[in-house]
Amino acid sequence: MSLVKSFLEKGILLSPEVVKDSVLLEKLSQIEDKHLEGTPIINKAFLEKLGLLSEKKPRKVNILFSYNKQPGKITVNDFVNYFNKRFEVLSAFLRQRQELQNVISIGRVKTVKSSKERVAIIGLVYDKSITKTNKYVIKLEDPTGVINIVISNKYKDAYESAKELVLDEAIGVEGICLGGAVFANRIFVPEIPLTKELRKSPEEECLAILGDPHFGSKAFLKKEFDDFIKWINQEKGNKEQREIASKVKYLVIIGDLVEGVGIYPFQEKDLEIKDIKEQYDLFTEYLKKIPEDIIVLVCPGNHDAGRISEPQPPLLHKYAESLQKLPNVHLLSNPAFINIGATEGFPGFDLLLYHGYSLTYYADNVESIRSKGGQKRPDLIMKLLLQKRHLAPTHTSNLYVPDSEADPLVIDRIPDFFITGHIHRLSVSNYKNITLINASCWTDITEDQEKRGLEPQPAKIPLINLKTREVKIINFLKE
Ligand SMILES: [Fe+2]
């Protein structure tokens, strides 16, 4: 405020949009007085004349994958083709490994009664069990047949990998044949290659992540969300926080925009707004308050209206009509793959966006994650999915539409950012130069969550400086 005062003392007024822009004020304070002489008011037009306003360049968004295919009648064949397509893509990733160069089909291995020569096979995990002597037995399937894989704790790495295996994921196995089974020495998952570079933008701009606002719920944290809106308009926060707000150029909203209706039994008692369209209208009113030069990327979640089987199409239905009219909002499918921030000579950042319905399954069913906190460790779950190169490998971990032409949940490209939500807990981590972010939420704990043992971490915004890749968290939660 002292800067504003010093201009007033010189008899110069500042227009409201300049007063609330801390970055502009900072720049103004560095101008020599002779450039301001005779100026009654400083507004954006005046600053433009002085060359202090960098002209607004259109920010680049490139939608690399957003699913909007209408499914027809689903037959058994669609499921068969869907898993075949998954096998094709993931086995190709596995074959890139030196150890899996000479893979043979399961059908052929079954004809070898026993051999001391090592064999390598690739398949999908059809079943997993543990014997009384603590050996894992995996039924592995490829298009030519099914075979038993035995993994004993004599091979420590293979045994540790076996603990993490989930049904229907693709793996490679190296071992010896004995009595019609393969005794594994090594297990391979498709993995993320080590060659991913940590990209940094030549421009100083920020990406903000917002998840699970649940508009329409009684538990919606209105005061906190109002503060977020004020902050992003540079009307709230200390000098540094306002300055960061001015750098936000991209905002991802990772699903569960509204609370929805009929999502769980007796949900009605938790609803502040009982009409789904009105829930979206309110969300749209808030989005209108976000500065228009910020690009907003919006995915649906399992509370949103429309098909909840994955891939979920973008919110282009009648309930979200108000949302479709906003010029800076891109409505995407769940999952989606987007490139942002590309400039001449810089390829930009690839974002893998997934609401995260499957996360809870792996929190509960993978022992190494369950023992370290389960749903409290979205970082571990996200890493697991990246290693398996699939967003929901196990058939029962999500609801899905089997696309017979491709499996849209395969992670076939390596992102710079992997962003999820759904479990309402904030987490920021890094895996092989990929930034993993699970978003916070904007609801207080509900009875339903309490029953499910969830502990949300609401009203936090992770902000990534794309120039440095540094992540800051802004906490809006009122104690
Ligand atoms: Fe949610």
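Predicted model: local features only at pLDDT ≥ 70, side-chain atom pairs only at ≥ 80, totals over all residues.
A residue counts as buried when its relative accessible area is under 20%, as exposed over 50%, and as partly exposed in between (1.4 Å probe, protein chains only). Residues are numbered from 1 along each chain as its sequence is written, and side-chain values use heavy atoms, leaving out hydrogens and water.

Now look at the iron ion. Its protein donors are D212 (OD), H214 (NE2), D256 (OD) and H424 (NE2), at 2.0 to 2.4 Å. Donors here are N, O and S atoms within 2.8 Å of the metal (3.2 Å for Na, K and Ca), and sites may look incomplete since water is not among the atoms. Along the sequence, the donor residues follow the spacing D-x1-H-x41-D-x167-H. H214 sits in the loop between strand 9 (206-210) and helix 8 (222-232), and D256 in the loop between strand 10 (248-253) and helix 10 (276-288), so this pair ties together parts 42 residues apart in sequence. Helices (H or I, at least four residues) and strands (E, at least two) are DSSP runs, numbered from the N terminus.

On to the rings. Phe, Tyr and Trp rings (the six-membered one for Trp) pair if their centres lie within 6.5 Å; planes under 30 degrees apart are stacked, over 60 edge-to-face, and the rest tilted. There are 22 aromatic pairs in the structure. For Y136 and Y159, the centres are 5.1 Å apart and the planes at 55°, so the pair is tilted. Both of these tyrosines, Y136 and Y159, are buried.
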